[in-house]
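Hi everyone, thanks for coming along. Have a look at the structure on the screen, and I'll walk you through a few of its residues.

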Amino acid sequence: MDAVRLISMSRRALSGGDGSRTLEEVWQAQALAQAIGSRLAVSGPPELRGEALGLTELAGRGCGVLDAPDLDPGDLRAAQLTELDDAREALLCLGVLLTDVGIALVGLASAAADEGTYWQCMEAIDAADESRDRVREMLRKLAAREGALRER
C-alpha cells in the first residue's frame with residue numbers, strides 16, 4: 001500500500017482514539033515513520049539516505065519507549081508499506097502525522113493518572129519531535145536537489 005494512504009489511515013485512527021487506543025496509534029505511527037525512513041535509506045534519493053537512517057533510528061526509539069501493542073500481523077500498518085512513489089508528498093504527510101502524534105501525546109501526558117504513563121508520553125513526544133525534525137531536513141534537501149536540477 002502507498003505510504004501516503006497509510007499515513008492518512010494513521011491520522012484518522014489517531015484522531016479517533018482515547019487512552020490506550022491513542023498510545024497504540026502513536027506506536028503505529030512511529031512504526032510507519034520507521035518503515036518510511038528505512039525505505040528511503042535503501043532506495044530513496046542519495047541526498048536523503050543519512051537523514052532517512054536517522055529517522056529510522058528515532059522512530060524506532062519512539063516505538064521503544066511505548067509498550068508494544070498486541071496487534072495481529074495484518075493490523076500493522078508499517079508492514080503494509082509497499083509503495084513510496086513520491087518521497088516529497090510522503091514526507092509532507094509524515095510531518096503532519098508526527099505533529100498529530102505530538103499533540104495527542106501532550107493530551108495524554110496532561111491527563112495521565114500515573115507517573116509512568118506521563119514519562120512514557122514525554123519520551124515519545126521527544127522522539128516524535130526529533131523525527132519530525134529529520135523529516136523537515138529531508139524536505140529541505142529535496143527542495144535543494146530540485147532547485148539544482150532546474151538550474152541545470
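Let's start with a question: does Cys121 count as buried or exposed, and what is its relative accessibility? Cys121 counts as buried, because its relative accessibility is 0%, and buried means under 20%. Please keep in mind that what you see is a predicted model.

A search of the whole structure finds zero disulfides. Cys121 is in no disulfide, and the nearest cysteine sulfur to it, that of Cys63, is 14 Å away. What about Cys93? The closest cysteine sulfur to that of Cys93 is again in Cys63, at 19 Å, so it is too far for a bond. To count as a disulfide, the two sulfur atoms would have to be within 2.5 Å. Cys93 counts as buried too, at 18% relative accessibility.

In soluble globular proteins, nonpolar side chains tend to be buried together. Here, the largest nonpolar core has 43 residues, and Ile36, Leu40, Leu94, Val101, Leu105 and Met138 are those with the most contacts inside it. The elements giving two or more residues to this core are α1 (3-15), α2 (20-43), α3 (49-64), α4 (87-111) and α5. The largest share comes from α4, with 12 residues.

Let's zoom in on Leu105. Setting aside neighbours within four places in sequence, Leu105 is in contact with Leu23, Val26, Cys121, Ala124 and Ile125. There's our opening cysteine again!

Next, Ile7, which is found in helix α1. Ile7 is buried, with a relative accessible area of 1%. Not counting residues up to four places away in sequence, Ile7 touches Leu32, Ile36, Ala90, Cys93, Leu94 and Leu97.

Now a residue from another helix: Ser131 lies in α5, which covers residues 115-151. Ser131 is buried, with a relative accessible area of 0%. Leaving aside neighbours within four places in sequence, the contacts of Ser131 are Gln30, Leu55, Leu58, Ala59 and Leu98.

Last stop, the aromatic rings. How many aromatic pairs does a search of the whole structure find? One. The ring centres of Tyr118 and Trp119 are 5.0 Å apart and their planes are at 85°, so this pair is edge-to-face. Tyr118 is partly exposed, with a relative accessible area of 32%, and Trp119 is partly exposed as well, at 45%.

That's my tour, and I'm happy to go back to any residue you'd like to see again.

Notes: Residues are numbered from 1 along each chain as its sequence is written. This is a predicted model: local features need pLDDT of at least 70, side-chain atom pairs count only at pLDDT 80 or more; totals for chains, interfaces and linings use all residues. Side-chain values use heavy atoms; hydrogens and water are left out. Rings of Phe, Tyr and Trp (its six-membered ring) pair if their centres lie within 6.5 Å; planes under 30 degrees apart count as stacked, over 60 as edge-to-face and the rest as tilted. Buried means under 20% relative accessible area, exposed over 50%, partly exposed in between (1.4 Å probe, protein chains only). Helices (H or I, at least four residues) and strands (E, at least two) are DSSP runs, numbered from the N terminus. Contact means heavy atoms within 4.5 Å. A nonpolar core is a set of buried Ala, Val, Leu, Ile, Met, Phe, Trp, Tyr and Cys residues joined through side-chain atoms within 4.5 Å.
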